[in-house]
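Please look over the sequence and the model shown here before reading the report that follows.

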Amino acid sequence: MGPFDWCGDTYNGRKNSPGRVVYVDVLTVDGLSVDFVTSEGRTRAVDTVSFSVPENRTVALVGESGSGKTVISQAIMGLLPQKAEITGGRMLFNDMAGGTAVDIAALNRKGEEMRAIRGNRIAIIFQEPMTSLSPLHTIGDQIGEAAELHRSVNAAEARELTREMLRLVRFPDPARALNSYPFELSGGLRQRAMIAMAMICHPALLIADEPTTALDVTIQAEILKLIKDVQSELSMSVLLITHDFGVVANMADEVVVIYHGQIMEKGPADALFANPQHAYLKALLNAVPRIGMEPGERLVPIRPIEPHAEGFLAGGRSNGVAKGAPLVRLEHVSKTFLTRKGGLLGSRAHELLALDDINLTVRRGECLGLVGESGSGKTTTAKAILRAIDIDGGKIHYDTGAGPMDVAGLRGPALLDYRKRVQLIFQDPFSSLNPRMTVNDILLEPLIIHEVGTPAERAERVRELMRLVGLDPRFLRRYPHSFSGGQRQRIGIARALALNPEFILCDEPTSALDVSVQAQILNLLKDLKSELGLTYLFVSHNLAVVDYIADRVAVMCRGRVVEIGETRSVVQEPLHPYTRALLRSVPEPDLDAPLDFAALDEQRASEPSLWPEPFRLTDGTVPVLVEMRPGHFVCAPGASATRPEPAREAIL
Amino acid sequence: MLYYILRRVVTMIPTLLVISFLTFIIIELPAGDYISNQIAALKAAGESSSVAKLEFLRAEFALDRPFLERYLIWVGLWPGPHGFDGLLQGNWGWSFEYEKPVAEVIGPTLPMTIILNMATILFVYVVSFPIGIYSATRQYSWGDYGFTFIGYIGLATPNFLLGLIMLYLANRWFGLSIGGLMDPQYIGQPMSVDKMLSILAHLIVPTIVIGTAGTAAMIRRLRANLLDELHRQYVTTARAKGMREARLLLKYPLRMALNPFIADIGNLIPSLVSGSVIVSVVLNLPTVGPVLLNALQSQDQFLAGFILLFVAILTLIGMLVSDLLLAVLDPRIRLGGRAVS
């Protein structure tokens, strides 16, 4: 296999097309197989995988979780866990700077040679910026360390290089950042620090393992832009590992699709997006929610499930509130958190405004999407409705059919009844199920707490719940660890439905899941809503997901609702600058709609005091919502002054 | 920081008062006191000549006063028979058993106690750290299993039994005298090189005996802590930089695993004095432990009360020291407030 023969057999004939620039391969993976050896036997995680990364280009390795994409990155870095074993194949690393190609697969993982390559010529950035850095050492120390290890510089020179690197990754104040600790930085800045650490030795190849999955869309766009900029500045190759086709479309020159450790399809990005060949890739592309899907268009999950409502669940809970009438109403809700600040001289209390004069209405039978960056107050709002936290000001009214009642005033049996009606689906399916309880116990618990039915009836209900979310009732005796992420989330949904609620708060229920599983869960939630007559408050930072599932959308920023209206109206004709910025930074799985990276260089859109008039908000300004179009409200305090009648009444 | 330390020290005062009160209650819980017990014993024996002297002592030490008054006199907040003369004034009280002031009873044993327990703590750390690190990094290897096995034996064997066996062996093989912290001929002699050597030789057995259980427990804890840290993402990050395994281990995971041990210093300091009572009795070591045990048995209340209070003060100081050390060593605690949420 020659260095120019980068493509395998699935790629049909394009390599000889005229005018195509030919790149030298930095990395050639050839027939790589990795086995995991456990006490139960051997499992093959990567099966004869071949691909290559050309110089100066970006190759995306796409697949679901468990497909083996991370194992490949670990193999290249020589970071495979103890129980993993390379059983075949070569990984030729052809370093442009230094002579001949090395077969990484043949090197001792802990040996001198591998260490000289690792972190020096091949560097990696990880998914979780929160845990990838040691909390006890300064950023400067951790970044400079790589330079000291490989570039034979002393501590002072390493510090200088680090400062230079931090400037390159656009730290606001590089000199100060040197001495700051990771926990003092936001997720986006930590990821920048990780990139600086990876870049400091000017590697020939950068492996980015889901570098933006844990970040907000706006930060994601910034990080992607940063990786592109640094790539062109230092002329290196990037192996991008991701499951997000939006990211792939914006970053990749070439795409490798992997499924169960085997390569399904590979080729240039344009060819793959225009004409996907393999059924798996087609299915994967069909499962991605896109902004501006046709009304009524359904995602096609790879493994669809059919919910079956029967027995006690059929028809849902009867409620006197008519469809479309307000079910939950938030009026001027505010919440302040006190964070203790431990300075050098004792501690001071610091106020953090989490919710500022929130006015929201959820109508019965609808799905209201709540969108915003992390820290915008979306989850706080959901928790306030659930009465998991107490609010400082304003009122939350809930209508059970006997007129609106104040949620904060509920006591005793009335509160217990409220708890039955309102349920929550959590974000993380891994930590929200007790690992010491069987699925049966998990689903029975709400019934026991609320003393519903006889033991026989309860057992029947639990089986119904399992069928409802498309799980086999025979799994009831298993523990959560034996289920996949998507199955666990379905158990979480079943638990939320156990008491036959009417209003469900979904707190980012799909953000921890793969696209294919996400489509499955979204469809399940949609079907359940129509079958059981549920009402949803759907919290998410993913606009495409909200666009798919929600009837109306409320956009939140820094504890305020900045825009609210019908989903189509908000998504297609956003009025507020923050909503616009948010929509601009969503990477579309479409090569014809690339992110406008240049626009990102403008001022930070999430700073309310920098918004143009009439949207500008300073401390103390009441965030007044103005009806700019029918049913479409925008937070514009400047505009409300000119209009004598703020159209607030309409939503309240 | 200065303000923080000052505040911590000031809040220690009420805590100390409460502790001293509780200590006093507990000591006075058994019926009677040392002197009334003596009087009863003398009367039963038909001797009444010295009863008058004991009655005088009772009044002298204010034992005939009401409970609260007795407490306040002991602390030095209430005028006793000789005016304000309590702990606050530097009078540590009188030991009936030894018929000496408490300071003179405790004085000679304190340095020995501290030397012995320092040696023990040093032994625990020096032995358990390398073994703990080895066990964690080579989990489920033969070495790990071997150390785990030895550790469980160390935890399970009664200390005094181990002590007796080791004393016997040390006597048979090296000719060390049984019991005590030095050869009998040096007791009461001024310090000399030979006496020092004798003390050092006698320290070995008690140090190992007192330290085994602690070492075994420490190995297990360090292993567990380190194992938790070893699989963290930041360790992989460091490895991905191309660091050597040994340096990486010391710089990142070990540093993180240390926190619980620093927090533990607060408990170590009081155990410098009060730990290892049984072993000290069995091995006949001249430390505070046996004195305390004896004082509690004979209701020698001022002696017992002072020792208990002293240990409590050491605990508070220990907590302060470990809190300050944690703040110095862990930026998250030091700068926690500056964090961006």
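Two residues are in contact if their C-beta atoms, placed from the backbone, lie within 7 Å.

## Basis of the report

This is a predicted model, in which local features need pLDDT of at least 70 and side-chain atom pairs count only at pLDDT 80 or more, whereas totals for chains, interfaces and linings use all residues. Residues are numbered from 1 along each chain as its sequence is written, and chains are lettered from A and ligands numbered from 1 in the order in which they are written.

## Domains of chain A

Domain bounds come from an automatic or database domain assignment, and for chain A this gives domain 1 (1–121 + 204–286), domain 2 (129–200) and domain 3 (311–573). The C-alpha centres of domain 1 and domain 2 of chain A are 26 Å apart, and 13 residues of domain 1 of chain A are in contact with 14 residues of domain 2 of chain A.

On the domain 1 side of that contact in chain A, helix H7 (residues 217–234) gives the most, with seven residues; helices (H or I, at least four residues) and strands (E, at least two) are DSSP runs, numbered from the N terminus. By class, this side has 10 nonpolar, two polar and one charged residues, where Ala, Val, Leu, Ile, Met, Phe, Trp, Tyr, Cys and Pro count as nonpolar, Asp, Glu, Lys and Arg as charged, and the others, Gly among them, as polar.

## Strand pairing in chain A

Two strands pair if DSSP finds at least two bridges between them. In chain A, strand S1 (residues 25–38) runs antiparallel to strand S4 (residues 84–94), with eight bridges joining them, and A:Asp35 has A:Glu85 of S4(A) as its bridge partner. S4(A) is also joined by three bridges to the antiparallel strand S5 (residues 101–103) of chain A, where A:Ala101 is the bridge partner of A:Asn94.

## Nonpolar cores

A nonpolar core is a set of buried Ala, Val, Leu, Ile, Met, Phe, Trp, Tyr and Cys residues joined through C-beta atoms within 7 Å, and a residue is buried if 20 or more other C-beta atoms, placed from the backbone, lie within 10 Å of its own. In the largest core, of 191 residues, A:Leu537 and A:Phe538 touch the most other members, and helix H16 (residues 515–532) of chain A supplies the largest share, nine residues. Apart from this core lies another of 29 residues, including B:Leu292 and B:Val311.

## Chain B

Chain B has 17 helices and two strands, and 30% of its 341 residues count as buried. Its assignment gives domain 1 (33–60) and domain 2 (109–334), whose C-alpha centres lie 44 Å apart.

Technical notes. Buried ≥ 20, exposed ≤ 12 C-beta atoms within 10 Å, placed from the backbone.
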